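Please look through the sequence and model below.

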Amino acid sequence: MSKPRSETCRRLVAETRAFSAEFAPFMANHLPMMLVALDRMGATPQRLQDYFEWYRDTNRLGPVPETAETIHEAGWAKRFGEREHEGDYRRFFALEVGRLGAAEAQARYLPQLIPGIAASALHAMMRLAYADMEEDEQEVATALGYWATTFLPLRFAGKSEPITDDPAVILDRLRDIEDLRHVTPPEPDLLWRWMREVARKSAFPPAVDWLRDRPGLLGRVTAASLAFYAATMTFEALHALTGCHWLKLLRPHLPDEGLTVRYFWQAICAVYPKIGMPELPPPEAIDEMRRLPCPDWPEITAAACASNDEHDISLVFSAREEEGFLQDRLYRVVAARRVALIA
């Protein structure tokens, strides 16, 4: 596991809270999380400062939108998914985290937020996971506000019976649904738009129910996500791999781990049609990838720290942490591939 963040990182993350959690056109602002990942991978204070300024200016980060409406504990969910209330929700959760503490606030509010886990294409969950990793109560409040204001439900649980313990089986079944091959979201580059448009199709199944909740579910989803990314190396599958890392960070605060994992996998299913729903390779092909020669972590993390691409940084950091959890060398292989150290 990596070291806690430096004082430079702590200061810069605090400064990021002056900006909205998204920037035009509704793209996730990765800056606070990338500062933490860079810091934990050994970036210098000057690199952190340079990255902060580059990301802020390149993406034209703007102020937090707000309406000055007061969000009350009674009826707090009434503005779910309304981005103009981001500042209003931030104020509400700052007060709640101050009153209850970060752990109790999550215990109280996550049960209603988890069905909208696709919020900002899973990045609200990401911000909360990093906040928990850092034990940063102000970031917890910011992340909860982000989740509420971008809340995105796909299919609610409890509408049908489970069919499998294996998350990859659900991907197999989706490939047989022809209607899911004809989705045209208005902004095709936005993952959350894809998730929403796929879920609006009557043909999209209740994937949250299809996956049986049994012990070891997160481990099975983690293995499927790693295979999915190793096989495709796509931007979409990247979020499956990194998302499993975020779920592990959130684990102590999840009111129902199995249900949360099932909602997470449903979000991945909803973005699967974006890449044409490719078939995953057999286990023996994955094993061959696992044995590929590749550099060790110091070289891989140095390449990630030199990159301005937030997904290089995110993937390498999560892959290194996941290898620490799971002792699977394939994480190192896919990380080296992501930063072009191997073909």
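Helix 6 (residues 123-134) has twelve residues and spans 16 Å from its first C-alpha to its last, close to the 16 Å expected at 1.5 Å a residue; the expected span is 1.5 Å times one less than the number of residues. Helices here are DSSP runs (H or I, at least four residues), numbered from the N terminus. The model is predicted: local features need pLDDT of at least 70, side-chain atom pairs count only at pLDDT 80 or more, and totals for chains, interfaces and linings use all residues. Residues are numbered from 1 along each chain as its sequence is written, and side-chain values use heavy atoms, with hydrogens and water left out.

Helix 6 is mostly covered, with twelve of its twelve residues buried (under 20% relative accessible area, 1.4 Å probe, protein chains only). Among them are Arg 127, Asp 132 and Glu 134. Just after helix 6, Glu 135 takes a positive phi of about 55°.

The axes of helix 1 (residues 7-16) and helix 2 (residues 31-40) come within 9 Å and cross at roughly 170°; axes are lines fitted to C-alpha atoms over the stretch in contact, with angles from 0 to 180 degrees between N-to-C directions. The two helices are therefore roughly antiparallel (over 145 degrees). Cys 9, Leu 12, Val 13 and Thr 16 in helix 1 meet Leu 31, Pro 32, Leu 35, Val 36 and Asp 39 in helix 2, contact being heavy atoms within 4.5 Å.

The structure holds zero disulfides (cysteine sulfur pairs within 2.5 Å). The sulfur of Cys 9 is 11 Å from the closest cysteine sulfur, in Cys 305, too far for a bond. Cys 9 is buried, at 0% relative accessible area.

How values were computed
Parallel < 35°, antiparallel > 145°, perpendicular 65-115°, else oblique. Buried < 20%, exposed > 50% of the residue type's maximum accessible area, 1.4 Å probe, protein only.
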